[in-house]
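Hello,

Here is the structure I promised to pass on.

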Amino acid sequence: MVDRGRIIGFWEYDPELRELVHELFVPMTPGLRAAIDAAEAFVREDLGDARGSGPDSPRSRAPRLAALRAQEK
């Protein structure tokens, strides 16, 4: 995630749960929450999935999704 040229976190899209999973390096704000929700809705409704590269599959993303979810706790 980038905000005004500064990296503020990482994200992956989980196509199975149809949600954006993220780890932030900055505090969550209402504006950031709105931006994340908008990005998630765009991927879910308009793209269906978001991959980092061509061979990136939902299965290959599973370890990264698990790592990001572990950071949420």
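The side chains of Arg-44 and Glu-40 form a salt bridge, with 3.4 Å from N to O; the term stands for a side-chain nitrogen of Lys or Arg within 4 Å of a carboxyl oxygen of Asp or Glu. Because Arg-44 and Glu-40 are four residues apart in helix α1, about one helical turn separates them. (Helices, H or I with at least four residues, and strands, E with at least two, are DSSP runs numbered from the N terminus.) Glu-40 is buried at 15% relative accessible area, whereas Arg-44 is partly exposed at 23%. Here buried means under 20% relative accessible area, exposed means over 50%, and partly exposed lies in between, with a 1.4 Å probe and protein chains only. Arg-44 also meets the side chain of Glu-45 in a salt bridge of 3.8 Å, N to O, and Glu-45 is exposed at 60%.

Before I go on, please keep in mind that this is a predicted model: local features need pLDDT of at least 70 and side-chain atom pairs count only at pLDDT 80 or more, while totals for chains, interfaces and linings use all residues. Residues are numbered from 1 along each chain as its sequence is written, and side-chain values use heavy atoms, with hydrogens and water left out.

The structure holds eight salt bridges. One of them joins the side chains of Glu-12 and Arg-64 at 2.8 Å, N to O. That pair links distant parts of the chain, with Glu-12 in strand β3 (residues 9–14) and Arg-64 in helix α2 (residues 58–72), 52 residues apart. Glu-12 is buried at 14%, and Arg-64 is partly exposed at 35%. Asp-14, Glu-19 and Arg-69 are linked in a salt-bridge network.

The largest one has a volume of about 210 Å³, and of its 15 lining residues, Val-2, Asp-3, Ile-8, Leu-32 and Ala-35 are the closest to its centre. (On a 1 Å grid over the protein atoms alone, a pocket is an open set of points where a 1.4 Å probe fits, with protein on both sides within 12 Å along at least five of seven lines; lining residues have an atom within 4 Å of a point. The volume is the space filled by probe spheres set on the points, which are joined across faces, edges and corners.) Helix α1 gives the largest share of the lining, five residues.

Best wishes
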